[in-house]
Amino acid sequence: AVASADRSTISFRQDRSPQVLRIGCAGMLREAGGRPHQAFAPRPRFEVASMTHTALWAQLQPGRADGWWGVAAAAGFLLAIGAGVEVFRRCFKQDQQLRCQLAAAQERYQLLAVNASDIVLLVDHDGQVRWVSPALTPALGWRADEWLGRDLGDLFVGGTGISNVASGSRFLPPAEARTGDGARVVRTRLRGKSGRHHFAVVRWSPYKAPTLGVDGVAVSVRVVDDEEEEDRQLLERRARTDELTSLTNRRGALEQMRFLDRSSPPQTAVLWCDIDRFKNVNDTHGHATGDQVLQKLAGRIRSSLRSSDDLAARMGGDELMVVLHGVRTLQDATDIAEKIRRFAAEPIETAAGPITITLSIGVTLAGPAEAADTVLARADSAMYQAKAAGRNRVVAVPVAASPISPSSLQPCSEQRSG
């Protein structure tokens with residue numbers, strides 16, 4: 001029927017009367033005699049659903065204006081059905097996409113909750129734990145269900161103070177700091193299931209979760225036992241390290257000397273070193289240059305050690321000590337001392353220009369069961385013998401020798417000054 005029309009188009013016109021739709025065909029239809037026939041006829045509403053396919057086909061026969069009106073009605077009906085199907089399809093597709101996104105988000109949060117090392121708790125205003133993450137078990141030994149319904153204050157050690165943090169929260173310790181988002185942070189100790197106390201950083205902030213029925217605070221706990229141990233070890237190292245040269249300081253050296261194993265060979269040797277006329281370097285070039293000299297000399301001595309078992313220490317001022325573990329004879333220790341003396345005598349580059357210094361070194365071995373103070377006194381006496389003999393040399397003293405008084409080796413003006 002559509003093919004029999006000559007340049008026909010379908011048009012829709014809205015009548016002025018409400019709810020009346022004029023549907024017609026503006027085109028040239030040919031009658032049986034071949035004469036062109038102008039057809040435009042308003043028709044009543046066409047109910048496609050009430051017609052059989054035979055009646056519908058009759059409406060579509062050539063030469064009938066009703067056929068074009070039926071085509072338009074059928075097309076509109078089909079378009080409406082198609083539009084409805086498309087809307088349903090899009091809604092269904094969008095619903096599926098949202099479901100997939102929700103499932104992916106749940107998987108991500110589940111992954112985060114299960115694998116995060118920090119413990120996360122939701123606590124109501126009465127201080128009761130309403131939810132806790134699985135990280136509680138590996139961190140503190142408790143199962144998550146063992147803390148549900150318990151007072152969070154039981155987790156803190158030693159009667160930690162309670163403060164009103166947010167809207168009646170009464171179970172958290174006083175905060176030490178605030179973060180940019182208003183949360184509070186405190187460093188405290190927590191009680192593990194085994195009874196061990198753990199160092200932790202606790203962070204909390206107001207939280208509201210209507211779907212969970214919780215209106216209180218969210219608490220995150222990071223156990224920092226390893227960090228605390230590292231900090232403790234760092235403080236101990238600093239307490240036993242000379243700040244200027246990074247060598248062991250006097251306190252650390254004396255502590256190590258007390259624990260030396262001198263019960264059997266190989267033996268332990270002590271080298272007591274003093275920088276010759278170091279006061280002149282400070283007086284001439286300033287203490288900043290003197291500090292540079294000490295730092296570079298310390299590096300040279302450290303590089304001369306045979307292994308990490310050996311010890312280099314700054315005993316104070318311009319006095320340095322080297323402890324050699326596992327030497328066979330006094331001569332072996334003397335050879336190492338000569339190596340250090342020659343290395344120290346090479347020019348040292350400073351901001352004030354190259355500076356040359358020398359060392360006077362006293363060497364001795366530690367006798368079996370001999371007190372550390374006795375060994376150090378003998379090495380110190382040997383160093384004074386080196387100074388008395390002209391400086392820039394090594395003097396070795398055997399174990400049987402008695403310490404020599406420094407005052408008997410040099411005038412008072414030379415003592416500790418050069």
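Contact here means heavy atoms within 4.5 Å. This is a predicted model: local features need pLDDT of at least 70, side-chain atom pairs count only at pLDDT 80 or more, and totals for chains, interfaces and linings use all residues. Residues are numbered from 1 along each chain as its sequence is written, and side-chain values use heavy atoms, with hydrogens and water left out.

**Overall make-up**

- The protein chain comes to nine helices and 14 strands. Helices (H or I, at least four residues) and strands (E, at least two) are DSSP runs, numbered from the N terminus.
- The protein chain has 418 residues, and 38% of them count as buried. Buried means under 20% relative accessible area, exposed means over 50%, and partly exposed lies in between (1.4 Å probe, protein chains only).
- Take the contacts in the protein chain between residues at least 6 apart in sequence. Of these, 53% join residues at least 24 apart.

- Leu 140 sits in helix 3, which covers residues 136–140.
- Leu 140 is buried, at a relative accessible area of 4%.
- Set aside the neighbours within four places in sequence. Leu 140 is then in contact with Ile 119, Leu 155, Leu 190, Arg 191, Gly 192, Lys 193, His 198 and Val 223.
- Val 223 lies 83 residues from Leu 140 along the chain, yet their C-alpha atoms are separated by 8.5 Å.

**Salt bridges**

- The structure holds 17 salt bridges. The criterion is a side-chain nitrogen of Lys or Arg within 4 Å of a carboxyl oxygen of Asp or Glu.
- Arg 251 pairs with Glu 255 in a salt bridge, at 3.5 Å from N to O. The two are four residues apart in helix 5 (residues 250–258), so about one helical turn separates them.
- Both partners of that pair are partly exposed: Arg 251 has a relative accessible area of 45%, and Glu 255 has 23% relative accessibility.
- Glu 338 forms a salt bridge with Arg 341, and their closest N and O atoms are 3.0 Å apart. They are three residues apart in helix 8 (residues 330–344), so about one helical turn lies between them.
- Glu 338 is partly exposed at 22% relative accessibility, whereas Arg 341 is buried at 15%.
- Glu 370 and Arg 378 also meet through their side chains in a salt bridge, at 2.6 Å from N to O. Glu 370 is buried at 14% relative accessibility. Arg 378 is buried too, with a relative accessible area of 2%.
- Elsewhere, salt bridges with shared partners join Arg 143, Asp 145, Glu 146 and Lys 193 into one network.

**Helix 7 against helix 8**

- Helix 7 (residues 287–304) packs with helix 8 at an angle of about 150°, and the axes are 10 Å apart. Axes are lines fitted to C-alpha atoms, for helices over the stretch in contact; angles run from 0 to 180 degrees between N-to-C directions.
- Leu 297, Arg 300, Ile 301, Ser 303 and Ser 304 are the helix 7 side of the contact. They meet Lys 339, Ile 340, Phe 343 and Ala 344 in helix 8.
- The residues of this contact divide into five nonpolar, two polar and two charged. Ala, Val, Leu, Ile, Met, Phe, Trp, Tyr, Cys and Pro count as nonpolar; Asp, Glu, Lys and Arg count as charged; the others, Gly among them, count as polar.

- Arg 277 has a phi near 50°, a positive value in a residue other than glycine. Arg 277 lies in the loop between strand 10 (267–275) and helix 6 (278–285). It is partly exposed, at 43% relative accessibility.
- Asn 392, also not a glycine, has a positive phi near 50°. Its place is in the loop between helix 9 (372–388) and strand 14 (394–397). Asn 392 is partly exposed, at 29% relative accessibility.

**Cysteines**

- A disulfide is a covalent bond between the sulfur atoms of two cysteines. The rule used here asks for a pair of cysteine sulfur atoms within 2.5 Å.
- By this rule, the count of disulfides is zero.
- Cys 91 is partly exposed, with a relative accessible area of 46%. Cys 273 is buried, at 0% relative accessibility.
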